[in-house]
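Here is a short tour of a protein structure, written for someone who would rather look at the model than at a list of numbers. Keep the 3D view open as you read.

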Amino acid sequence: MMITTLTLAAIALLPGEDKSYLITDHIVQETDCVDRYVGAQHLTLCDLSRAFKRIEDDIRATVPVGWQGYGTRSGGKVTIPPGRWWLSEPVRFCRQMTVSGAGGGDWGAPTVLYTPHGSGGFKIAYYYECQAEGLGEGAQGTVLERFALLEATGAKTPTTSPPAYGILVEARSEIRDVWVRGFVQGVRISADHNRNPPTNANLWRLHNVVISATEHDGIFVDGGDANGGVAVAPNATSACSRGSAWAGTLGPCACIVMSDFIGSTLIAAHASG
């Protein structure tokens, strides 16, 4: 795959069309694509965390912070092509985003994102956190789809360190056709308006999400405002490899834990230790 040096040259848009982003257009090959240690092999992988930051800067420069009225754009659409990629640090979304790979949801996914061992993947942040930092109106409505998110293997993470989450959900959003392997918890959906800052992930959605080889829970749902969610065909396996070690921080461990206040719905769920 040929990756061009970063260019933000203006592209003519049709009337009414908003900008979308191919993430490889925002990679600087000379600095972003270096040797990474993934498991027992060294791979040259390009850092998408840096590319996401450049896209965020471009959105911030073109879309005002603050609600602009119904039918106006908040974030944007990011496409990740087939290949193996690197996330050097967790990517936090503070605007409504749609991030699409070329396929995920199980073994053989054509779009694979690796993270360093002990580092998280994505955070979908809510209004108050984002507004306090002047970054946007929150990522509620965000969609993540069609990729694999894999934590590189490595030494055991000390349980005194902050736990690494594959995808941390604190705002209403949808995750579909995604495979998450590794991390302390694969998908963590946790929100409550009584927290500081307040969060709200009510009506979250998971569709065909596969979680495997987590140190603690595969899927964890918790809080007074993580209610009314629906998970269709979630598949959580080989969880709790260090469940007892993390129990003091995260509580009892299971492949799928549902402890939201009112309740959510699982359809055709599969869980196997």
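The notes below go through a helix, a tryptophan and a set of paired strands. Please keep in mind that this is a predicted model.

Let's begin with helix α2, which covers residues 48-62 and so has 15 residues by the count given for it. From its first C-alpha to its last, α2 reaches 21 Å, close to the 21 Å expected at 1.5 Å a residue. At its N-terminal end sits a cap: a side-chain oxygen of Asp 47 lies 2.9 Å from the backbone nitrogen of Ser 49. Ser 49 is also one of the buried residues of α2, together with Leu 48, Ala 51, Phe 52, Ile 55, Asp 58 and Ile 59.

Next, find Trp 85 in strand β5 (residues 83-86). Its relative accessible area is 2%, so Trp 85 counts as buried, the cut-off being under 20%. A polar atom of its side chain lies 3.5 Å from the backbone oxygen of Gly 83. Leu 149 is 64 residues away from Trp 85 in sequence, yet the two C-alpha atoms are 9.6 Å apart in space.

Finally, turn to strand β15 (residues 219-223). Four of its five residues are buried, so β15 is largely enclosed by the rest of the structure.

| Strand paired with β15 | Sense | Bridges |
|---|---|---|
| β13 (residues 185-190) | parallel | four bridges |
| β18 (residues 256-260) | parallel | five bridges |

To see these pairings residue by residue, look at Val 221 of β15, which stands opposite Ile 189. Asp 222 has Ser 259 in β18 as its bridge partner.

Methods:
Residues are numbered from 1 along each chain as its sequence is written. This is a predicted model: local features need pLDDT of at least 70, side-chain atom pairs count only at pLDDT 80 or more; totals for chains, interfaces and linings use all residues. Side-chain values use heavy atoms; hydrogens and water are left out. Helices (H or I, at least four residues) and strands (E, at least two) are DSSP runs, numbered from the N terminus. The expected span of a helix is 1.5 Å times one less than its number of residues. Buried means under 20% relative accessible area, exposed over 50%, partly exposed in between (1.4 Å probe, protein chains only). A polar contact is a pair of N or O atoms within 3.5 Å; within protein, one must be able to donate a hydrogen and the other to accept it, and residues adjacent in sequence count only if both atoms are side-chain atoms. Two strands pair if DSSP finds at least two bridges between them.
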